[in-house]
Amino acid sequence: ELSARCVFEGDQVPSSVKWSKGESDVVFDNVKKIQNTNTKQLDNSVKYFSNITLKEFAFADEGSYTCTFVFSDSNNVAASVSAVSAAVTNDECVFVDFKTETSKALTCTYTGANKVTGVTFTMPDKTTKAGELGTYAAGANAATPGTQTGSYTVTGITDASSGTYTCTFALDGGSSVSAVQRLTARKAVVVSSTGNLTPNLIVRSSITLTCTIASGARSIEWLKGDQ
């Protein structure tokens, strides 16, 4: 979905306002393409607002959009904005058992036509690390966007590694797109009441096993072998 606002300030209210993409006018149907206007009276001038919403905005809809304020004396004024279709996807939740894994690769995918100039990852403590860019894969045709991956490997994982990570792609022209993902790091350790004795040496009638988990759990399940 694309939302945009065009603002005119002058001595009179325009007779109409139109939007165009390239050489074609945007036709509003009040369902998928919606426009509304409103006026604000100032002390010595008026402000006129044109607000548009383009639902189901897709890759083929990107381009330069121009709003033109039309006056009866033909002294029209216009302004333009460039709309880019871009998105970032990833695995929103990532789990790692740091009893067996000491590192975890976080990966996100950019989809769009703009050239990617770099990728960074913002850590839970708000510091920023440079990520690694994958190779850009062009779309199958002119109407299909290309894709490019970005990755960063979290190393030395502990329970403190848990938190929200933000993957940000910097695009040619100064804009950027990003997405967040949650990393949850957990580890379970079992301690026996027999200390360092092996099970083969236990001659008592009972044994206590304590399972400690480094992060919160909704439930704990015990198994003997596969049962």
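Which pattern do the disulfides of the protein chain follow, with bonded cysteines counted along the chain? They follow the pattern 1-2, 3-4.

## Basis of the model

The model is predicted: local features need pLDDT of at least 70 and side-chain atom pairs count only at pLDDT 80 or more, while totals for chains, interfaces and linings use all residues. Residues are numbered from 1 along each chain as its sequence is written, and side-chain values use heavy atoms, with hydrogens and water left out.

## Disulfides

A disulfide is taken as a pair of cysteine sulfur atoms within 2.5 Å, and by this rule the count comes to two. One of them joins Cys6 to Cys67, with an S to S distance of 1.7 Å. This pair links distant parts of the chain, 61 residues apart: Cys6 belongs to strand β1 (residues 2-10) and Cys67 to strand β6 (residues 63-70). Strands (E, at least two residues) are DSSP runs, numbered from the N terminus. Both Cys6 and Cys67 are buried, where buried means under 20% relative accessible area, exposed over 50% and partly exposed in between (1.4 Å probe, protein chains only).

Cys108 and Cys167 are joined by a disulfide with an S to S distance of 1.8 Å. The link of Cys108 and Cys167 is right-handed, with 55° about the S-S bond. Cys108 lies in strand β10 and Cys167 in strand β15, so the pair ties together parts that are 59 residues apart in sequence. Both Cys108 and Cys167 are buried. Cys93, by contrast, counts as exposed, because its relative accessibility is 65%.

## Pairing around strand β10

Two strands pair if DSSP finds at least two bridges between them. Strand β10 (residues 103-112) pairs with β8 in the antiparallel sense over five bridges; here Asn90 stands opposite Cys108 in β10. Strand β10 is also joined to strand β14 (residues 146-155) by 10 bridges, and the two run antiparallel. Thr109 stands opposite Thr149 in β14.

Ala86 is found in strand β8 (residues 86-90) and is partly exposed, because its relative accessible area is 28%. Contact means heavy atoms within 4.5 Å. Leaving aside neighbours within four places in sequence, Ala86 is in contact with Tyr110, Thr111, Leu171 and Val177. The C-alpha atoms of Ala86 and Ala113 are separated by 7.4 Å, although these residues are 27 residues apart along the chain.

Thr166 is found in strand β15 (residues 163-171). Thr166 counts as buried because its relative accessible area is 19%. With neighbours within four places in sequence left aside, the contacts of Thr166 are Thr120, Phe121, Thr122, Ser178, Ala179 and Val180.

Note on methods:
Helix = DSSP H or I, 4+ residues; strand = E, 2+ residues; numbered from the N terminus.
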